Amino acid sequence: MTHTLRAATLAAALLVGGAASAAECIAPANPGGGWDFTCRQIGKIMYDIGEVDQPVQVTNMAGAGGGLAFQTVVNERTDDEDLMVAASVATVTRLAQNAYGGASADQVRFVGAIGADPGVIVVAADSPYQTLTDLLDAMKEDPSSIAFAGGSAAGGFDHLKVLQLAQAYGIEDLRSIKYIGVDGGADAITQTVGGFTQGMTGDMSEIVGFIESGEVRPLAVLSEDRLEGFDIPTAREQGVDVIGVNWRGLYVPKDISDEQFQEWADKLTAVAESDEWKAAMAANGLAPFTRVGDDFQAFVDESIASQAELSREIGVIQ
C-alpha cells in the first residue's frame with residue numbers, strides 16, 4: 001500500500017468513525033449557581049482524572065426553574081449519549097409539583113449524586129439583621145416585610161426552605177412571605193446585595209465567593225452541624241429545627257443504552273472517589289453524599305413522593 005493510499009484510507013476511517021465527540025453538561029441556570037457549579041466542577045475533574053478524552057463543554061440553559069433544559073433533553077436529545085445535565089433537590093421538587101409542563105422523572109435517567117450542598121440563609125453585609133432569629137422575628141411581626149431571592153422558581157426547593165424555617169418558628173401566614181425566583185444563585189445574591197430583597201435562600205456552594213468578598217453575611221446553614229472551615233451557625237443551634245441539604249448530581253437522556261448509562265455511573269463514581277473532588281467539596285462547603293446508578297434512581301423516586309407531600313402540607317400545591 002502506498003503512502004498516498006494509506007493516508008487516504010486513514011482519512012476515510014476518521015471521517016466514518018469520527019473523532020471522539022466531547023461530552024456536554026447542561027447547567028439549567030445562569031453561570032454562578034449550584035447547577036453551574038455541578039457541571040463545571042464534575043466536568044473539569046472528569047477530564048483531569050482521564051475519565052473523558054476532551055474537556056467537557058458546559059452549556060448554560062436557564063429557564064422555568066430547570067424546565068427548559070428538561071424539556072430540551074426529553075423532546076430533542078433523548079438518545080444523546082454524550083449529554084449529562086446537572087440536577088439537585090430543586091429538580092426533584094419541581095417534578096414533584098408537576099412544574100415542568102406535565103413532565104415526569106421517568107422521562108430521563110438519574111445517574112447519581114456525589115455531594116450534599118447545605119442550604120443557607122444570607123443577607124447583605126450591611127443588613128440590620130445579625131442573626132437568623134432577628135430575620136424571623138421581623139417576619140413574625142409582618143410576614144410581608146421580608147422578601148427573599150432564590151435560584152429556584154417559586155414553590156421550588158429554595159422557596160420551601162424559607163417556608164420550613166418560618167413554619168418551624170411559628171409564623172402562620174406563610175402565603176404572605178415574599179419570594180422572587182431567579183435563574184441561579186448568583187442572580188439571587190445580586191438581588192439581595194442590591195437591596196431588592198432582604199434575604200437570599202440558596203446553597204453553600206453558591207455563596208462561598210460572596211462570603212470571601214465580604215458582600216454577604218450568612219445567618220444560618222441548614223445542616224446538622226457547622227461546616228468545617230466556615231464559621232456559620234446552624235439553624236438548629238439558633239432554635240429553629242430545620243435541615244435543608246441539596247444533593248448535587250446528574251441526569252442523562254432516557255434512551256441511551258444501559259451500557260452507556262453504566263459508563264456515566266462509573267465516571268461519576270471515579271469523580272466521587274478522587275482527591276480532586278474531595279478538595280472541591282472542602283473548598284465549597286459540601287458534605288459527602290454518594291448514590292450512583294439504580295440505587296440513586298430509587299432514591300429520586302422516593303424523594304419526589306415526599307416532596308409532593310411536603311408541598312401539599314405547606315400549600316404550594318393542592
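A cavity is a set of grid points where a 1.4 Å probe fits but cannot get out, and its lining residues have an atom within 4 Å of a point. The views below show a predicted model.

**View 1. The second largest cavity and its lining.** The lining of this cavity consists of I121, L132, L135, L136, M139, F148, V162, L165 and A166. Of the elements, α5 gives the most, with four residues. By class, the lining has nine nonpolar residues, with no polar and no charged ones. The volume of the second largest cavity is about 30 Å³.

**View 2. The largest cavity and its lining.** The search of the whole structure finds two cavities of 30 Å³ or more, and the largest has a volume of about 130 Å³. Its lining has 16 residues, and W35, A90, G151, D158 and E206 lie nearest the centre. The elements α2 (34–48), α6 and β9 each give two or more residues to the lining of the largest cavity. Eight polar residues, four nonpolar and four charged make up this lining.

**View 3. The largest pocket.** This pocket has a volume of about 450 Å³. Among the 20 residues of its lining, F157, I243, G244, V245 and Q307 are the closest to the centre. At least two lining residues come from each of α4 (89–96), α6 (157–168), β9 (245–253) and α11 (294–314). With five residues, α11 gives the most to the lining of the largest pocket. The lining divides by class into 12 nonpolar, seven polar and one charged residues.

**View 4. The second largest pocket.** The volume of this pocket is about 310 Å³. Its lining has 16 residues, with P118, S223, L227, L286 and A287 nearest the centre. Both β4 (108–124) and α10 (275–284) supply at least two residues of the lining of the second largest pocket. The most comes from α10, with three residues. Nine residues of this lining are nonpolar, two are polar and five are charged.

**View 5. Helix α6 at three sites.** Helix α6 (157–168) supplies at least two residues of the lining of the largest pocket. In the largest cavity, α6 is one of the elements that give two or more lining residues. V162, L165 and A166 are among the residues that line the second largest cavity.

Technical notes
Residues numbered from 1 in each chain as written. Predicted model: local features only at pLDDT ≥ 70, side-chain atom pairs only at ≥ 80, totals over all residues. Heavy atoms only, no water. 1 Å grid on protein atoms, 1.4 Å probe; cavity = no way out; pocket = protein on both sides within 12 Å on 5 of 7 lines; lining within 4 Å. Points joined across faces, edges and corners; volume = space filled by probe spheres on them. Nonpolar A, V, L, I, M, F, W, Y, C, P; charged D, E, K, R; others polar.
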